[in-house]
Structure formats: C-alpha cells, structure tokens
Amino acid sequence: MDTELYSIRMHASRQQRHLSGAEDLVPATGVEAAAQAMLHRAWTHAPQSVFVAIDQVDTADLVRGRLSDLTLASVADVAAGRQRALVELQRAGVSLGAANMALTAIANSAGSDGVMRGAMLVDAGSGQRLEPDQSRGVRATRFGVTPAAKADCERLLAVHGLTHHRTREALVLSAKVLAAPAVIAELCWSDDPDYPAGYVASKQGGYLRIPQLKKSGDCAGGRAFFLAAGSDPASTIAFLEQTPFLVTAIGAVHRERP
Ligand code: AMP
C-alpha cells in the first residue's frame, strides 16, 4: 500500500436526519474511486445534503489491527436476542446495570432528539454516560481496511450468506473501537428499520452477531462503547476520533447451532 493514506468519510442526510454514511482509509491513488463509490451510495437514498470529507492522515500514528473472530448467534426472537446481549456484556465485564441502561437507551434511540450520530460512552461499572454531548455521541472515525483484507472478509462472509455491506463495515468499525485501550465492549444495532441484526463485541469474547435485536420496522437503534470502570474518557475519545486505524487481516467465523 502507498505510504500516503487519506481518510475519506461520507454523510448523507435529509432534514437533519441521517440517511447513509461510509468511512475508509485509502492510498492517494484510491481517493477518487472511493469518493465516487460513496457518492453513489449516498445518492441511492435521495439525500438533501451530502458531506464528503477527505483528509491526509499522519501515517506515523497509524495503528494496524485485525478483525475480531465472528460468532453467528442463533436466537428465537427479539427478547432472546436482547437477553443474550446482556449475558455477553456481563461476560465481558460490564455490570448488569450498565448493560441494561445502554440497551434501554438504544431501544429508545439514545439521543435527546432522536437517533444519535455517534455512540454513547458508558462506564462499565456505574453505567454513567461519559460522552460530552449526549445528543450527538462520540464518533469513531479515520479507519479503513486494506483491499486484500476487504476481499477476504467479503468472501468469508458470503460463505455464511452475509452479503450486506453493513456486516463488513460494522466489523471494521468495531476493530477500531476495541483497539481503544479503555474500551472493553460494544453494543450496537442499526436504526435502519429493515436491519434487525446487531452485535455485542468485546476484547475477550470477539464479535457476536445477534440476528434479532429489534423487530423489523422499528426505527430505533444506536451504539454504546463500554469503558473499564473509572476510566477517563478523554484519551479514548482522542483515539476514536483521531488515531488512524487500518485493518490488515481478518478473523475466523463460527456459527452457533440453533
Ligand atoms: P448504523 O449501524 O450505521 O445504522 O449505526 C447505528 C448507530 O450507531 C447510529 O445511529 C449511531 O448512533 C451509531 N454510529 C454509526 N456510526 C458510528 C461511528 N462511526 N462511530 C460511533 N457511532 C456510530
């Protein structure tokens, strides 16, 4: 890969409501094609405004990492999916109170005026919310995946019938989030009403994809990053927002028996 890397980010919206987003870290020679692909994706959502930002990143700061191992859970319904998420979060060291708080907030779309653009930062012990702006949250940004790792990931996911770009993109985002020193776990499901799957990811347990965390048609969703009890959020926010992170290898995929 070229030595110069650029962070490229897209955000499409209508009447201040988020419609579509994308993020990558590409060499100079790939910037135009990546921008065009993101614009194409934005345009399929009939946006009112599209924001594309391109910034050269300092490769001296670049952190490389791999995707977590992915486990495909099997749950009977949404209630079982949420119960499973609570169990996994506790296994990762999150208190039941903190896990319940985040799950309930996401189920109600955690922002004060609707869906947040970023994630809640949650103290894994007390459940206290640590993000400076609770209606926006904290966005993980400046991350991407090498073309070879992306192709490997798409091939492996396709074997398991997972062809939606969201699955790969969430794995990549989660790899950066879990690389933050104080983050011990993450909980997410999309606000897209047609996408009921979500996940719990943790440093110790990998990435557990849970196929039902909400009912189809439900527009609520969000993300929570759990910080080790008592952590100062400032260095985690700086890492999530500023440190460039590139996925160079993938993990394994396991499917649980129903
Ligand atoms: P999505 O899976 O893209 O529908 O995102 C679900 C929720 O995760 C959004 O509503 C945001 O609250 C949050 N989110 C999306 N992208 C990011 C990001 N890059 N960093 C932090 N939180 C995000």
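Let me begin with Glu88, which touches Val200 and Leu208, leaving out residues up to four places away in sequence; contact here means heavy atoms within 4.5 Å. This is a predicted model, in which local features need pLDDT of at least 70 and side-chain atom pairs count only at pLDDT 80 or more, while totals for chains, interfaces and linings use all residues. Residues are numbered from 1 along each chain as its sequence is written, and side-chain values use heavy atoms, with hydrogens and water left out.

Glu88 sits in helix 2, residues 78-91. Helices (H or I, at least four residues) and strands (E, at least two) are DSSP runs, numbered from the N terminus. At 13% relative accessibility, Glu88 counts as buried. The term buried means under 20% relative accessible area, exposed means over 50%, and partly exposed lies in between, with a 1.4 Å probe and protein chains only. The side chain of Glu88 is joined to that of Arg91 by a polar contact of 3.0 Å. A polar contact is a pair of N or O atoms within 3.5 Å; within protein, one must be able to donate a hydrogen and the other to accept it, and residues adjacent in sequence count only if both atoms are side-chain atoms.

I turn now to the ligand. Which residues come nearest to the ligand? Of the 16 residues around it, they are Met116, Gly118, Ala140, Ser190 and Asp191, where near means that a heavy atom of the residue lies within 4 Å. The shell around the ligand divides into 8 nonpolar, 3 polar and 5 charged residues. Ala, Val, Leu, Ile, Met, Phe, Trp, Tyr, Cys and Pro count as nonpolar, Asp, Glu, Lys and Arg as charged, and the others, Gly among them, as polar.

Polar side-chain atoms of Asp191 and Arg223 each lie by an oxygen atom of the ligand, at 2.7 Å for Asp191 and 3.0 Å for Arg223. For Arg139, an N or O atom of the side chain is 3.5 Å from a nitrogen atom of the ligand. On its own the ligand has 490 Å² of accessible area, of which the protein covers 87%; the areas come from the Shrake-Rupley method with a 1.4 Å probe, and for residues only the protein chains shown count as cover. Helix 5 and strand 11 (222-227) are the elements that give two or more residues to this shell, and strand 11 supplies the largest share, 3 residues.

The largest nonpolar core has 36 residues, among which Leu70, Leu121 and Leu240 touch the most other members. Such a core is a set of buried Ala, Val, Leu, Ile, Met, Phe, Trp, Tyr and Cys residues joined through side-chain atoms within 4.5 Å. Helix 5 (residues 165-179) gives the most to this core, with 7 residues. A second, separate core of 27 residues includes Ala73, Val75, Ile106 and Met120. Beyond four places in sequence, the contacts of Leu240 include Leu121, Val138, Phe225 and Lys176.

Arg142, in the loop between strand 6 (120-123) and strand 7 (143-145), is buried, at 16%.
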